[in-house]
Amino acid sequence: MNEEESSKLKRLIQAYEDDFIGVDQISLLACLKEIQAEYGLIPQEAIDLMSQQLKTSPAILKGLILRSPSLRTETKVHTITLCNGERCSNRGAAAFIQSVEKALDCRVGSQTKDGRFELKTQRCLHRCEFGINVNIDATEHTKMDLEKLLLAIKNIKDH
Ligand code: FES
């Protein structure tokens, strides 16, 4: 998005600025619909700007978008699946999962605040001998620790 488009987007969102907009889902939806009508989809930049200007969170906006079949974004939500099967648990999966939740400030079953990752657990990822195992989308990661996982997440964010 160039500078002119970015300014136009800011003005569009400004029209919705109000002390209570952050908790008013009808107005947030109206703003998202207007953005999509203008751009054909909801760019990540619009989600970032809306959360700043309208004092809400990207996760709330992503939740609204997910619940509105007519709305779509350009950003895929990446799924991080942490194994909590028996053999990975014997290698410390429970403590690993807790440290991941803390590091990402996100509980299993929900999305990170920027709406880019969701955390899930699965009873076995079928690579038990290489645990602790994690899948990020369809990519398998074996012998994981927090440092390796945070690096994998950073690589996704950087690309
Ligand atoms: S228990 Fe983790 S991969 Fe099987």
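This section describes the domain division, the sheet with its packed helices, and the nonpolar cores of a predicted model.

The chain is divided into two parts, domain 1 spanning residues 3-66 and domain 2 spanning residues 78-158. Their C-alpha centres are separated by 30 Å. To the contact between them, domain 1 contributes 6 residues and domain 2 contributes 4 residues. On the side of domain 1 that touches domain 2, the greatest contribution is that of helix H4 (residues 58-66), which supplies 4 residues. By residue class, this side of domain 1 comprises 4 nonpolar residues, 1 polar residue and 1 charged residue.

An open sheet of 4 strands is present, with the strand order S2-S1-S3-S4 and mixed pairing. The pairing of S1 with strand S3 (residues 134-136) is antiparallel and extends over 3 bridges. Within S3, isoleucine 136 is the residue that stands opposite isoleucine 80.

Two helices are placed against these strands. Helix H6 lies across S1 and S2, and its direction makes an angle of about 170° with S2. Helix H7 (residues 146-158) also packs on the sheet, where S1, S2, S3 and S4 are each touched by this helix. The direction of H7 makes about 5° with that of S3.

The largest nonpolar core consists of 14 residues, of which Leu82, Cys83, Ala93, Val100, Ile132 and Val134 touch the most other members. Strand S1 (78-83) and helix H6 (93-104) are the elements that give two or more residues to this core. H6 provides the largest share, amounting to 5 residues. When neighbours within four places in sequence are left aside, alanine 93 is in contact with Cys83, Asn84, Cys88 and Ile132. Of these partners, Cys83 and Ile132 are themselves listed among the residues that touch the most other members of the core. Apart from this core lies another, made up of 12 residues, including Leu9, Cys31, Ile42 and Leu54.

Conventions
Residues numbered from 1 in each chain as written. Predicted model: local features only at pLDDT ≥ 70, side-chain atom pairs only at ≥ 80, totals over all residues. Core = buried A, V, L, I, M, F, W, Y, C linked by C-beta atoms within 7 Å. Buried ≥ 20, exposed ≤ 12 C-beta atoms within 10 Å, placed from the backbone. Contact = placed C-beta atoms within 7 Å. Domains from an automatic or database assignment. Nonpolar A, V, L, I, M, F, W, Y, C, P; charged D, E, K, R; others polar. Pairing = 2+ DSSP bridges. Axes fitted to C-alpha atoms, helices over the stretch in contact; angles between N-to-C directions.
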